[in-house]
Amino acid sequence: MTRPSALLLLGVVVLFPPFAPTARAQDPLSTYSDAFEAQVTRTQPVIRYTVSVDPEDLTAYRVEMRVRNAPSTLHLALPIWAPGAYRVPGFSRWLRDLAVRSGDREVSITPVDSSSWRADIVGGEATVSYTVGWASPLVGSTPNNRSFLTATGGLVDGPATFLYMSGAPAHKLVPAHVTFDLPEGWRIATGLVPTADPQTFFAPSYDVLVDSPTLVGALRVWMFDVDGVPHRVAYWPRPSAAPFDTAAFVASAERVVRTARDIFGRLPYREYTFLYVDGAGGGLEHLNSTTIGARSEVLSLSPTSRLSVTAHEYVHTWNVKRARPVNLGPFDYQRIARSNNLWFSEGMTSFFSTEIQRRGFWTEEQAKTSLAASIAEYLGNPARTRVSPARSSWTTWDPPSVNGGYSISYYLTGALIGEMLELKLRDATGTRRGMDDVMHRVFDRYAAARGFTDAQLEATIAGVCGCSMRTFFANYVVGTRPFDFDQYLALAGWKAVVDRRPATDSAGAVLADLRVRLSPLSGFGSSSSGGIARATFSISDPSSVWGRAGLVTGDAAVTVNGRPVATADELTRALAGAKIGDVVPVEYERAGARRTVQVALTGYDVVRVRIEELPTITPRQRAVRRVWMTGR
């Protein structure tokens, strides 16, 4: 249902800062004053931002930061990375025209390093102005799930947009107001707290500010509520957007929320906003919102096509945004944050995304097909015996060369670990406990200031199971022992039938090895190349013809088969008609040097998996299977 007043939300505002100290994780208020939406001291800095869009110049957002009660030396910084996106995109490269005025005059600015500055001011007041843009007009105008700007709308990305006072750690805890000065008729959708001024929003801290992206422009907005909690679905369409079934689109988001509520027990926020962009794919979680790419032409074919990524990003509300590893917060935006536990933070989130689809959308046959496909993807990746889930998590910041060119997704391995644990826990406890109970305990104990350690996570799972998890973790989390799927599938009366054969098309013709992907040139989207000057190749298997030719993930694409490539579609067209025996010239850049390789195409093998029933099935196995599917 569409409501014209969807952007004006009424009700009591109760904030849940992401890492505020708490008496108990499940009971965040220890005194009445904890409920105050802003806790300040009299001498604390007062900060107000204004973000402006000039319709005559869409090459950048213009930002003004006004500070009162500032120290005599004003230290400013821009993050080098964004929580949830485990790479360093170099936002400061696109910050321009930085100026500081104090005492009615412009004061000099001294760079401290590539992402921080200082200025001496007078009277405790300063106005900082600057613009934030992109590597090129093409990058900035390409819609994605992080940052872009067009004539009909854009997305304001917090880490790329807002400077912060870096002189003392407490300065990141200073509240701020943000006003958006936008072209007439543009609407605003954000997880920030609305105020009496529909153009102005409130953030109780810098951490909340940068974790609350803002979608602006000619938006379509729908509302629904669950347990009386408002939920907003905002969609930015391109001018040429294809029509799609918006009722089914919004209904699928609501069903995700209701199913997740049933799994996790309650909703831990005052409101939630789904921000969809008619553009490149990908998604990124935030404190009480998510940004997701959703092409209208794809939605026109299937309005639930973004169901999986919607469920994944939404589950992060509990896993990562509140319960998290110790390494992932409070954030130091000037240093990367490594963790061994992204297999849990991201992979287990994928497990719960699949669980939501099992319980709310799929038949048992669809659920088995999905699980079989994940098992096949795992078995088809030679990195499974070389890179552990913990190692994959820790080295996500690094190029594949640190693991010998091999890479395997901790999303995939973590989700499969979740499936094995779910079956193990249900069997060990007579179906009474499973991964839902693990997440309940993790949330209750660690959705607070500190987060959990590796040992605490293992102990929590062991406590739910009532058994030791030491061997399981040693083999499958820290170690590279291949997952023993049949051991766990048997607990539900199933087995995996694995078939490895040459890849063929529907007519049986052997396919050429075209296993190369392109991370597209687009802003700072989670599926993008991070705003660099070119799209980049992704080579997941060094033993493929592309890896054997010398290409590695991260090489910047120039041409393929003599054709320039900057998007996945262009790569597909460049390889159209390629067959076994062809030699494909590839031009690319690495470390600033342009190179060319010749890729000789051959066939390749694929793994196919079917999940079949065991010859005999016990009532206990049927009970495990039922709970795996329905939760009951």
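This is a predicted model: local features need pLDDT of at least 70, side-chain atom pairs count only at pLDDT 80 or more; totals for chains, interfaces and linings use all residues.
Trainee: Let's start with the rings. How many aromatic pairs are there?

Mentor: The count comes to 39 aromatic pairs. One of them joins phenylalanine 180 and phenylalanine 201, with 6.0 Å centre to centre and 65° between the planes, which is edge-to-face.

Trainee: Which strands do phenylalanine 180 and phenylalanine 201 lie in?

Mentor: Phenylalanine 180 is in strand β12 (residues 176-181) and phenylalanine 201 is in strand β15 (residues 200-203). The two parts are 21 residues apart in sequence, so the pair ties them together.

Trainee: And are those two buried or exposed?

Mentor: Phenylalanine 180 is buried, and phenylalanine 201 is buried too. Another pair to look at is phenylalanine 274 with tyrosine 314, a tilted one at 5.8 Å centre to centre and 35° between the planes.

Trainee: What parts of the chain does that pair link?

Mentor: Distant ones: phenylalanine 274 sits in strand β19 (residues 272-277) and tyrosine 314 in helix α6 (residues 307-315), 40 residues apart.

Trainee: Why does phenylalanine 274 count as buried?

Mentor: Because its relative accessibility is 0%, and buried means under 20%. Tyrosine 314 counts as buried at 0% as well.

Trainee: Switching to charges, which ring does the charged end of arginine 255 sit over?

Mentor: That of phenylalanine 361, at 4.9 Å from the ring centre. Have a look at arginine 386 as well, which lies over the face of tyrosine 406, 4.2 Å from the ring centre.

Trainee: Now helix α11. Which residues in α11 are buried?

Mentor: Met435, Asp436, Val438, Met439, Val442, Phe443 and Tyr446. Looking down the axis of α11, these buried residues fall within an arc of 160°, so they line one face of the helix.

Trainee: What do the buried residues of α11 pack against?

Mentor: They pack against four helices you can find in the model: α4 (246-264), α7 (342-360), α10 (410-428) and α12 (454-465).

Trainee: How about the cores? Which residues have the most contacts inside the largest nonpolar core?

Mentor: Tyr49 and Tyr314, in a core of 146 residues. Helix α10 gives the most to this core, with nine residues.

Trainee: What does tyrosine 49 touch?

Mentor: Leaving aside residues up to four places away in sequence, its contacts include Val63, Met65, Phe162, Tyr164, His177 and Leu209.

How values were computed: Residues are numbered from 1 along each chain as its sequence is written. Side-chain values use heavy atoms; hydrogens and water are left out. Rings of Phe, Tyr and Trp (its six-membered ring) pair if their centres lie within 6.5 Å; planes under 30 degrees apart count as stacked, over 60 as edge-to-face and the rest as tilted. Buried means under 20% relative accessible area, exposed over 50%, partly exposed in between (1.4 Å probe, protein chains only). A charge sits over a ring if NZ of Lys or CZ of Arg is within 6 Å of the ring centre and within 35 degrees of the ring normal. The arc is that of the directions from the helix axis to the C-beta atoms. Contact means heavy atoms within 4.5 Å. A nonpolar core is a set of buried Ala, Val, Leu, Ile, Met, Phe, Trp, Tyr and Cys residues joined through side-chain atoms within 4.5 Å.
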